[in-house]
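Hi everyone, and thanks for coming. Please have a look at the model on the screen, and then I'll walk you through it.

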Amino acid sequence: MSPCAPGFGGVGAMAVSMLRMRHSSMGDNEGRDGVRLSARNPNGASPALYQFNQANSPARAGYFGGDSRRGRKRRGTGNMSAQKSLLYVANSVVEPQKPINFLRVLVEGAIAGATAGVVVETALYPIDTIKTRLQAARSGGKIVFKGLYSGLAGNLAGVLPASAIFVGVYEPMKRKLLDIFPDHLSSVAHLTAGAAGGATASLIRVPTEVVKQRMQTGQFPSAHSAVRQILAKEGVRGLYAGFGSFLLRDLPFDAIQFCIYEQLRLGLKKVVNRDLLDLETALVGATSGAITGAVTTPLDVIKTRLMTQGAKGHYKGIGDCVSKIIQEEGAGALLKGIGPRVMWIGIGGSIFFAVLERTKQLLAARVLPEDLKDARLA
C-alpha cells in the first residue's frame, strides 16, 4: 500500500505504519502468549488503535466513498477499496495481552503433569518392572516375570506429586526464559527449564524410585513395609540411596527429552503451519522419549544398581559402580535393559505428551472469574 494512496493522506498511512511497527515488535514464538488479534475485540485494543478504528469505521465509509443521498461528493471507486484495506490493516494489528498469569500456568501445569504421569505409570508399569529386574541382575542372575505390578500403588503415590511439581516448575520457567532468550536460543530455555523441573521433583522422585525398585526386585512385599524397614535399617539416607546417580541420570534426561520434544514440535508446526493433532503430538513425544531413553541407559543402570544394593553396599559410589560393572561384567552391561527402556520411555513419551497437551488445552479453555470480568468491561 503506497503512503500516497488517494483518500488516505500521508498522516493516516503513517499512523498505520507506526501502529504496525509498534505491535510487530512483540514477536511470536511457541509458549509466548503475549500477542493476539484485535479484530474481534476492538475495545480491548490500545486507545490509539481504538480511536483510529472508530474514525475509520464502516459507518463513515459513505463519506470517503461518496454518498449521493446525503449530498456528499463521491471521490472515486478507488477510495472505497483503499478504505477497506485500511480497515483490514488497522483491525488486524496485533496487540500485547495482559502479563502472563504465572500462578495459573503453574497450577494448570501441575494438574496436567500429574494426570499425564499417573496415566503413563499405570499403563507401562510392567515394562518398567522387567527393565529394572534386567538391570539389577548381576552375572548369572535369573529374571522373574511374576508380580510385574508389584509396588504400583506406592509408586503412584509418589509419581502424582512428582509429575505435578515437575511440570508446575517447567511450564512457567519455560515461558519466562522464552521471553528472555532470543528465538535462536529457545533450546537453551527448554534445557534449563527441564533441568530445573527435574531437580525440584527429585526430592519426591528419589524416595519413590527407591521403594519402587526394591519392591520390583522382590525385597519387600508392600510400600509401607519397604519404607518402614528401610528407615529402620538405613535411616532417612536409605530412602535417598543413589541420589547423586539419580540426578546424574534424571537432570540430563529431563533436559534432553523436553528440549528434543519442544524443538521437534516447533519444527513440525512450522512445516504443517497449524496446531498439531493429538496423534502428531504423540509421535513427537515417542521420538523424543526413545532417543533420550537410549542415550541415558548407562546412567540408568548405575542408578538402579546403587538404589537396589541395600545396606550391604556392594558399590561405594558412582565411580566405583562403573568400574566394578566393567570389570565383573564387561562394558556391555552398562546397556542392560536398553530394549525395554527405549520401548517403555518411547511409548510413555507418546502417552505423556499427548495427555499433557490435551489436559493443558482443556484447562486453558476454562472461563475463570477474571475472564468474565474482562468480558463485561470490554
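Let me begin with a question: does Lys360 count as buried or exposed? Lys360 counts as buried, because its relative accessibility is 18%, and buried here means under 20% relative accessible area, with exposed over 50% and partly exposed in between, using a 1.4 Å probe and protein chains only.

Before going further, a word on where the values come from. This is a predicted model, so local features need pLDDT of at least 70 and side-chain atom pairs count only at pLDDT 80 or more, while totals for chains, interfaces and linings use all residues. Residues are numbered from 1 along each chain as its sequence is written, and side-chain values use heavy atoms, with hydrogens and water left out.

Now the overall picture. The protein has 15 helices and two strands; these are DSSP runs numbered from the N terminus, helices being H or I with at least four residues and strands being E with at least two. Of the 378 residues in the protein, 43% are buried. Next come contacts, meaning heavy atoms within 4.5 Å. Among contacts between residues at least 6 apart in sequence, 76% join residues at least 24 apart.

Back to Lys360, which has a partner. Lys360 forms a salt bridge with Glu171, and their closest N and O atoms are 2.9 Å apart. By salt bridge I mean a side-chain nitrogen of Lys or Arg within 4 Å of a carboxyl oxygen of Asp or Glu. This pair links distant parts of the chain: Lys360 is in helix H14 (residues 338–364), Glu171 is in helix H6 (residues 152–180), and they are 189 residues apart. Glu171 counts as buried too, at 4% relative accessibility.

Arg305 is buried, at 2% relative accessibility.

In the other, Asp275 pairs with Lys269, and the closest N and O atoms are 3.5 Å apart. Asp275 counts as exposed, at 58% relative accessibility, whereas Lys269 is buried at 18%.

There is also a network of linked salt bridges, whose members include Lys131, Glu209, Asp300 and Lys303. Keep those names in mind for the next part.

Let's turn to helix H12 and its neighbours. Which way does H7 run relative to H12? The axes of helix H7 (residues 186–216) and H12 come within 9 Å and cross at roughly 75°. Those axes are lines fitted to C-alpha atoms, for helices over the stretch in contact, and the angles run from 0 to 180 degrees between N-to-C directions. That makes H7 roughly perpendicular to H12; the word covers 65 to 115 degrees, while under 35 counts as roughly parallel, over 145 as roughly antiparallel and the rest as oblique. On the H7 side the contact includes Val206 and Glu209, and on the H12 side it includes Lys303 and Met307.

Helix H5 (residues 102–136) also packs against H12, at an angle of about 80° and with the axes 9 Å apart. H5 is therefore roughly perpendicular to H12. Among the residues making this contact are Lys131 and Thr132 of H5, with Asp300 and Arg305 of H12.

Now for two loops. Thr296 sits in the loop between helix H11 (278–295) and H12, and it is buried at 2% relative accessibility. Leaving out residues up to four places away in sequence, Thr296 touches Arg249, Phe253 and Arg341.

Asn273 is in the loop between helix H10 (243–272) and H11. Its phi is near 60°, a positive value in a residue other than glycine. Asn273 is exposed, with a relative accessible area of 67%.

One last topic is cysteines. Searching the whole structure for disulfides, meaning pairs of cysteine sulfur atoms within 2.5 Å, finds zero. Cys259 is buried at 11% relative accessibility, and Cys321 is buried at 0%.
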